[in-house]
Amino acid sequence: MSKGKLALIFSAVVLAVLLALLPKVVINKDKKADLASNGAAAESSHDPNHEGHEDHAAEAAAPADAANAHMTATPAQLKEIADLRAKFNRASSPQDKGKVADELAQKYAAIAKHDSAGYFYEQVAAVRPGEKSFQKAADQYFEAFTFAATQERSQQLGQKAQGLYAQVLKNNPANLDAKTNLAMTYIASETPMQGITLLREVISADPKNEKALFNLGVLSMQSNQYDKAVTRFQELLAVNPKHVDATFYLGISLAETKQKQEAQKAFMRVKELSKEPEVLASVDSYLQKLNSAQ
């Protein structure tokens, strides 16, 4: 998002909260470097059995940063994963490998190692192809994609998710959740308009789709089209009046379109909906700036 156009965003706490709330995959690439330095964890390579890759059990044991969604695995979890990996490597039939792979994927997902979970769900899909199995793998790669700390890693994981979501949509073209996530991978790529087109298709099929409305609103903010952002967030809040992020961004967008009183109402509504200290501090900062802007 362009800092220059967000006239009310000058304090560090406001910027920090805003970046924390933004979907990481739609932050432009220079922001991703900042996220990396602030603790947004990079996932390891998607094939945990490939020679030369770091051991996922060792990574899982490393202390998790409080700023990201990863968690620390317990010794019991590490042992379960090690035993299952050995069992996976010993399995002689595709069916047996698929069964163990499903267990491994669940274990990795439980400790937020999403790329590894995606890899093993992909092995399951190879044995039992279908919409649900492809989506399980795609969703895990998508989660890993949202935490990628480098452009290269983001591209790798985004491409993995794209290929699998394509298989999901081949099985069921009406799967709007898959189409929305697929859109966000394209928006973070070199072909963002492909993602915008997909989001518009989702809205055309389901005008009340919360995820698509929210992402279109954020994208309108990024392109400094705050009037359009206001419309998108209002449409979302008509569907879900308790959507905290949409209410917060509506306040920003209203402030940018010089609708001071409406912006104040939106920020006061955020204070009703959220008790998170960082969010409340951000809202108070906005309200102070609005009140001082006479």
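Helix packing and local backbone in a predicted model

Q: In which hand, left or right, does helix 9 pass helix 10?
A: The model is predicted. Helix 9 covers residues 176-187 and helix 10 covers residues 192-205. The crossing in which helix 9 passes helix 10 is left-handed.

Q: Are helix 9 and helix 10 roughly parallel or antiparallel to each other?
A: The two helices pack with their axes 7 Å apart, at an angle of about 155°. Angles over 145 degrees count as roughly antiparallel. Helix 9 and helix 10 are therefore roughly antiparallel.

Q: How many nonpolar residues are in the contact of helix 9 with helix 10?
A: Helix 9 contributes residues including L176, L182, M184 and I187, while helix 10 contributes, among them, P192, I196, L199 and V202. By class, three residues of this contact are polar and two are charged, and the nonpolar ones number 12.

Q: How far apart are the axes of helix 14 and helix 15?
A: Two packed helices are described by the angle between their axes and the distance between the axes. For helix 14 (residues 260-273) and helix 15 (residues 277-292) the angle is about 160°. That makes helix 14 roughly antiparallel to helix 15. The distance between the axes of this pair is 10 Å.

Q: How many charged residues are in the contact of helix 14 with helix 15?
A: Helix 14 passes helix 15 in a left-handed crossing. The contact is made by K260, A263, Q264, F267, M268, V270 and K271 of helix 14, with V279, L280, V283, D284, Y286, L287, L290 and N291 of helix 15. Of these residues, 10 are nonpolar and two are polar, and the charged ones number three.

Q: Is A112 buried or exposed?
A: A112 is in the loop between helix 5 and helix 6 (114-127). The phi of A112 is positive, about 65°, although A112 is not a glycine. Residues under 20% relative accessible area count as buried. The relative accessibility of A112 is 7%, so A112 is buried.

Q: Is K258 buried or exposed?
A: K258 is in the loop between helix 13 (244-256) and helix 14. K258 is not a glycine, yet has a positive phi of about 65°. Most residues other than glycine have a negative phi. With a relative accessible area of 73%, K258 is exposed.

Q: What separates the C-alpha atoms of K97 and V127?
A: K97 is in helix 5 (residues 94-110) and is partly exposed, at 26% relative accessible area. Beyond its neighbours within four places in sequence, K97 contacts F88, N89 and A91. K97 and V127 are 30 residues apart along the chain, and their C-alpha atoms are separated by 8.5 Å.

Q: Which helix has the lowest confidence in the chain?
A: The average pLDDT of the chain is 80, and 76% of the residues score at least 70. Confidence is highest in helix 12 (residues 226-239), at 97. Over residues 1-70 the pLDDT is below 50, although this stretch has 149 contacts beyond near neighbours in sequence in the model. The lowest value, a mean of 32 over residues 56-61, belongs to helix 3.

Q: What percentage of the residues in the chain is buried?
A: The chain has 15 helices and zero strands. Of its contacts with a separation of 6 or more, 55% are between residues 24 or more positions apart. Among the 294 residues in the chain, the buried share is 49%.

Key
Residues are numbered from 1 along each chain as its sequence is written. This is a predicted model: local features need pLDDT of at least 70, side-chain atom pairs count only at pLDDT 80 or more; totals for chains, interfaces and linings use all residues. Side-chain values use heavy atoms; hydrogens and water are left out. Axes are lines fitted to C-alpha atoms, for helices over the stretch in contact, and angles run from 0 to 180 degrees between N-to-C directions. Helices (H or I, at least four residues) and strands (E, at least two) are DSSP runs, numbered from the N terminus. Angles under 35 degrees count as roughly parallel, over 145 as roughly antiparallel, 65 to 115 as roughly perpendicular and the rest as oblique. A crossing is left-handed if the near helix is turned anticlockwise from the far one by less than a right angle, and right-handed if clockwise. Contact means heavy atoms within 4.5 Å. Ala, Val, Leu, Ile, Met, Phe, Trp, Tyr, Cys and Pro count as nonpolar, Asp, Glu, Lys and Arg as charged, and the others, Gly among them, as polar. pLDDT is the predictor's confidence in each residue, from 0 to 100. Buried means under 20% relative accessible area, exposed over 50%, partly exposed in between (1.4 Å probe, protein chains only).
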